[in-house]
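User: I have a protein model open and I'd like to learn how to read it. Could you walk me through it?

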Amino acid sequence: MNIDEMIEYAAYGRKKPMTDEVNQPGHYNQGSIEAIQAVEASMSEIEFLGYLKGNVIKYLWRYRNKGKASTDLAKATWYLNRLSATVAASDMDRDWQKGFS
């Protein structure tokens, strides 16, 4: 199972809908590249984890104030699932136990 499939399963327990404002908004793509892929490619692994964590916090912080609470909570969940899947797909648990460098 690849990381995107892990995220889908964590979010839905099944395949995601064809059009999805939270998981794959069309306006975040340029050609076949999603913005999240470009962001990840531009950062170290630790920086990317911080980016994901920051987005979880952002969407949780503002969900009551923007008028789309359920969408913002779904986005926070998406970023948390991506964070969890990224950690699970790496050796970070082992690295953190021995002192991450």
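Analyst: A nonpolar core is a set of buried Ala, Val, Leu, Ile, Met, Phe, Trp, Tyr and Cys residues joined through side-chain atoms within 4.5 Å. Buried means under 20% relative accessible area, exposed means over 50%, and partly exposed is in between, using a 1.4 Å probe and protein chains only. One caution: this is a predicted model, where local features need pLDDT of at least 70 and side-chain atom pairs count only at pLDDT 80 or more, while totals for chains, interfaces and linings use all residues. Residues are numbered from 1 along each chain as its sequence is written, and side-chain values use heavy atoms, with hydrogens and water left out.

User: Which residues touch the most other members of the largest nonpolar core?

Analyst: That core has 13 residues, and the ones touching the most other members are Ile36, Phe48, Leu49, Leu52, Tyr79, Leu83 and Val87. Helices H2, H3 and H4 each supply at least two residues of this core.

User: How do I read those helix labels, and how many helices and strands are there?

Analyst: Helices (H or I, at least four residues) and strands (E, at least two) are DSSP runs, numbered from the N terminus. Here you get five helices and two strands, and from the N terminus the order is α-β-β-α-α-α-α.

User: How much of the protein is buried?

Analyst: Of the 101 residues, 30% are buried. For the surface, accessible areas come from the Shrake-Rupley method with a 1.4 Å probe, and for residues only the protein chains shown count as cover. The protein's accessible surface is about 7000 Å², and carbon and sulfur atoms account for 54% of that.

User: What span does helix H4 have?

Analyst: The expected span of a helix is 1.5 Å times one less than its number of residues. H4 covers residues 69–88, which is 20 residues, and its first and last C-alpha atoms are 28 Å apart, close to the 28 Å expected. Its buried residues include Trp78, Tyr79, Arg82 and Leu83. Alanine 74 is also in H4, but it counts as partly exposed at 29% relative accessibility.

User: Which residues does leucine 52 contact, leaving aside its neighbours within four places in sequence?

Analyst: Contact means heavy atoms within 4.5 Å. Leucine 52 sits in helix H3 and is buried, with 0% relative accessibility. Beyond four places in sequence, leucine 52 contacts Ile36, Tyr79, Arg82, Leu83 and Thr86. For the whole protein, take the contacts between residues at least 6 apart in sequence: 55% of them join residues at least 24 apart.

User: How is a pair of aromatic rings described?

Analyst: By the distance of the centres and the angle of the planes. Rings of Phe, Tyr and Trp (its six-membered ring) pair if their centres lie within 6.5 Å; planes under 30 degrees apart are stacked, over 60 edge-to-face, and the rest tilted. A search of the whole structure finds four aromatic pairs. One of them joins tyrosine 51 and tyrosine 79, edge-to-face, at 6.2 Å centre to centre with 80 degrees between the planes. Tyrosine 51 is in helix H3 (residues 45–62) and tyrosine 79 is in H4, so the pair ties together parts 28 residues apart in sequence. The rings of tryptophan 78 and tyrosine 79 have centres 4.9 Å apart and planes at 85 degrees, so that pair is edge-to-face too. Phe48, Tyr51, Tyr59, Trp78 and Tyr79 form one aromatic cluster.

User: Is tyrosine 79 buried or exposed?

Analyst: Tyrosine 79 counts as buried, at 10% relative accessibility, while tyrosine 51 is partly exposed at 26%.

User: What does the side chain of glutamate 40 make a polar contact with?

Analyst: A polar contact is a pair of N or O atoms within 3.5 Å; within protein, one must be able to donate a hydrogen and the other to accept it, and residues adjacent in sequence count only if both atoms are side-chain atoms. Glutamate 40, in helix H2 (residues 35–41), makes one with the side chain of arginine 82, at 3.0 Å. Glutamate 40 is partly exposed, with a relative accessible area of 29%.
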